[in-house]
Amino acid sequence: MDKYIIGIDLGGTNIKSAVFTSEFEPILERSDSTDAGLGPAHVLGKIKIIIKTMLLESGIDRHSVLCMGMGIPGLLDPREGISIFSPNFPHWENIHVVKEMQREFPFPVFIDNDVRLNLYGEWLHGAGVGRRNIVLLTLGTGLGSGILADGRVLYGQTSSAGEIGHMNMVREGRPCRCGSSGCLGRYVSATGMVRTFTEELDQGRESLIRSWVKNDSQQITAKMISDAYDLGDPLAIEVMHETGRLLGFGLATFINLLNPELVIIGGGMSAAGDRLLGTVRDTIRKHALKLSSEACQVVQAALGGRSGMLGAAVYAARRVEGKG
């Protein structure tokens, strides 16, 4: 009997889901809005419906599913299957995700931090194939990272290694739901960059984007800032470069500490490409240790939005095999 693996990438905006063969060939992929504001019970219920629908549409019996992997943002206990805290999900504390899923499905379910699962995808099937020392960042609703050191994914004592988004970069800066303030992710993320931009508009700065959104700053997106950058908008260029400088300083610290050979930038905001990464690379070159920075490349993710789903499936399969 053929076996299949399900991969779920839970994001602050979208739930990305896929069914793969046991060789990680995609059978079916889909994306649905997360509706995170409606609470964990709603989100988990929606995931259950998505899984049932995918199996029905692909004609796969649930007993043919080998396992399922789920990437969950924030802090968690992957061994117990508990999501402890997720800063972009209201009321998301100590949620036993695995137990909830296994009330509905007969196959093994495994969870891990969503960025670590992106790392599994890019390391084994994407930009990091053949590498042993990698830092992967996802720039989206927030900022997260996964770390591969000497061929091993780092977890740390509480499975929370790699929280670059919560490095304190701005003294007494923007409050963060983690309880601190000035965290890097409050500035270097799609949400953070848009906030930086709108704060400048509120101070009276002008931009093409003001007319695009008819003075409704709630409509501004990171893509608009990229588009205005391409049209030579001074404020868009300034904000993009300032965001890149902050990320560069954060990565310079990571490079000095971890000595990676590769930094992979993923997530929706990575679509900004060299508009953002040019400044990131320049800042690293100026502020990281010369020996370490010269040995490290900064590249965009190869798998795009698929890395989280694929990485979740790979991770689950490794756990079943006893490799996780």
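Helix H3 covers residues 114-125 and reaches 16 Å from its first C-alpha to its last, close to the 16 Å expected at 1.5 Å a residue, where the expected span is 1.5 Å times one less than the number of residues.

The model is predicted, so local features need pLDDT of at least 70 and side-chain atom pairs count only at pLDDT 80 or more, whereas totals for chains, interfaces and linings use all residues. Residues are numbered from 1 along each chain as its sequence is written, and side-chain values use heavy atoms, with hydrogens and water left out. Helices (H or I, at least four residues) and strands (E, at least two) are DSSP runs numbered from the N terminus.

Helix H7 (residues 234-258) takes part in two helix contacts, one with H8 and one with H6. The axes of H7 and H8 (residues 274-287) come within 7 Å and cross at roughly 45 degrees. That angle makes H7 oblique to H8, oblique being what remains once angles under 35 degrees count as roughly parallel, over 145 as roughly antiparallel and 65 to 115 as roughly perpendicular. Residues in this contact (heavy atoms within 4.5 Å) include Leu-247, Leu-251 and Ile-255 of H7 and Leu-276, Val-280 and Ile-284 of H8. The contact residues of H7 with H8 divide into nine nonpolar, eight polar and two charged.

The axes of H6 (residues 222-230) and H7 come within 8 Å and cross at roughly 120 degrees; H6 and H7 are therefore oblique to each other. Ile-225, Ser-226, Ala-228 and Tyr-229 of H6 meet Ala-236, Ile-237, Met-240 and His-241 of H7. Met-240 and His-241 are also among the residues of H7 that contact H8.

Two loop residues complete the picture. Asp-150 lies in the loop between strand S10 (143-149) and strand S11 (152-153), and has a positive phi of about 55 degrees although it is not a glycine. At 52% relative accessibility, Asp-150 counts as exposed, the cut-off being over 50%. Asn-215, in the loop between helix H5 (208-212) and H6, has a positive phi of about 65 degrees and is likewise not a glycine. Asn-215 is exposed, with a relative accessible area of 57%.

Key
Axes are lines fitted to C-alpha atoms, for helices over the stretch in contact, and angles run from 0 to 180 degrees between N-to-C directions. Ala, Val, Leu, Ile, Met, Phe, Trp, Tyr, Cys and Pro count as nonpolar, Asp, Glu, Lys and Arg as charged, and the others, Gly among them, as polar. Buried means under 20% relative accessible area, exposed over 50%, partly exposed in between (1.4 Å probe, protein chains only).
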